[in-house]
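Trainee: I would like to go through a structure with you. Could we begin with the charged side chains?
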Amino acid sequence: MTDTTVPVRRLWLAAGVVLLNVADVLLTKAVLHHGGVEANPMMAGLMGGFAAPLGLKMVVAGIAGILLMLCPVDAKLGERAVIAVVALYSFIVVWNTLMLGLLALR
């Protein structure tokens, strides 16, 4: 019999994806408010509101989290993929934070 308990690191990774997506939306909205532009053409049209970009990000993050939880416990590809997503969104959040700081200084 195999252990089907979801490892705690997967829960942290899933939570990280959700939190980083929320931070991305909030920081992007702040950057736009200070005169910045949305670099992602797929999100540019949605950023005029608040619910649409946040809702879309939550749906995508939720799907990623669910897929991660459904991956077999001994499979590492799912975790590695989510680690890559967390790293990417960490970079985006840091970038947005830097841009917000620069725009706020103007």
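Trainee: Which residue forms a salt bridge with K57, and how far apart are the closest N and O atoms?

Mentor: The partner of K57 is D24, with the closest N and O atoms 2.5 Å apart. A salt bridge here is a side-chain nitrogen of Lys or Arg within 4 Å of a carboxyl oxygen of Asp or Glu. D24 lies in helix α1 and K57 in helix α3, so the pair ties together parts that are 33 residues apart in sequence. Helices are DSSP runs (H or I) of at least four residues, numbered from the N terminus.

Trainee: What kind of model is this, and how are residues numbered?

Mentor: This is a predicted model, in which local features need pLDDT of at least 70 and side-chain atom pairs count only at pLDDT 80 or more, while totals for chains, interfaces and linings use all residues. Residues are numbered from 1 along each chain as its sequence is written, and side-chain values use heavy atoms, with hydrogens and water left out.

Trainee: Back to that pair: are D24 and K57 buried or exposed?

Mentor: D24 is buried, with a relative accessible area of 8%, and K57 is buried at 10%. Buried means under 20% relative accessible area, exposed means over 50%, and partly exposed lies in between (1.4 Å probe, protein chains only).

Trainee: How many salt bridges are there in the whole structure?

Mentor: The search finds 3. R9, R10 and E79 are linked in a network of salt bridges. E79 pairs with R9, the closest N and O atoms being 2.7 Å apart. E79 lies in helix α4 (residues 77–105) and R9 in helix α1 (residues 8–33), so this pair ties together parts that are 70 residues apart in sequence. R10 also pairs with E79, with a closest N and O separation of 2.8 Å. R10 lies in helix α1 and E79 in helix α4, so that pair joins parts 69 residues apart in sequence.

Trainee: What is the relative accessible area of R9?

Mentor: R9 is partly exposed, at 42%. E79 counts as buried at 5% relative accessibility, and R10 is buried as well.

Trainee: Now the nonpolar side. Which residues touch the most other members of the largest nonpolar core?

Mentor: They are L13, V17, L20, V82 and V86, out of 13 residues in that core. A nonpolar core is a set of buried Ala, Val, Leu, Ile, Met, Phe, Trp, Tyr and Cys residues joined through side-chain atoms within 4.5 Å. Helices α1, α3 and α4 each supply at least two residues of this core, and the largest share, 6 residues, comes from α4.

Trainee: What is V17 in contact with?

Mentor: Leaving aside neighbours within four places in sequence, V17 is in contact with A61, V82, V85 and V86. Contact means heavy atoms within 4.5 Å.

Trainee: And T28, which residues does that touch?

Mentor: Not counting residues up to four places away in sequence, T28 touches E38, M47 and N96. T28 is in helix α1 and is buried, with a relative accessible area of 9%.

Trainee: Where is L56 placed, and what is its relative accessible area?

Mentor: L56 is in helix α3 (residues 51–70), and is partly exposed at 37%.
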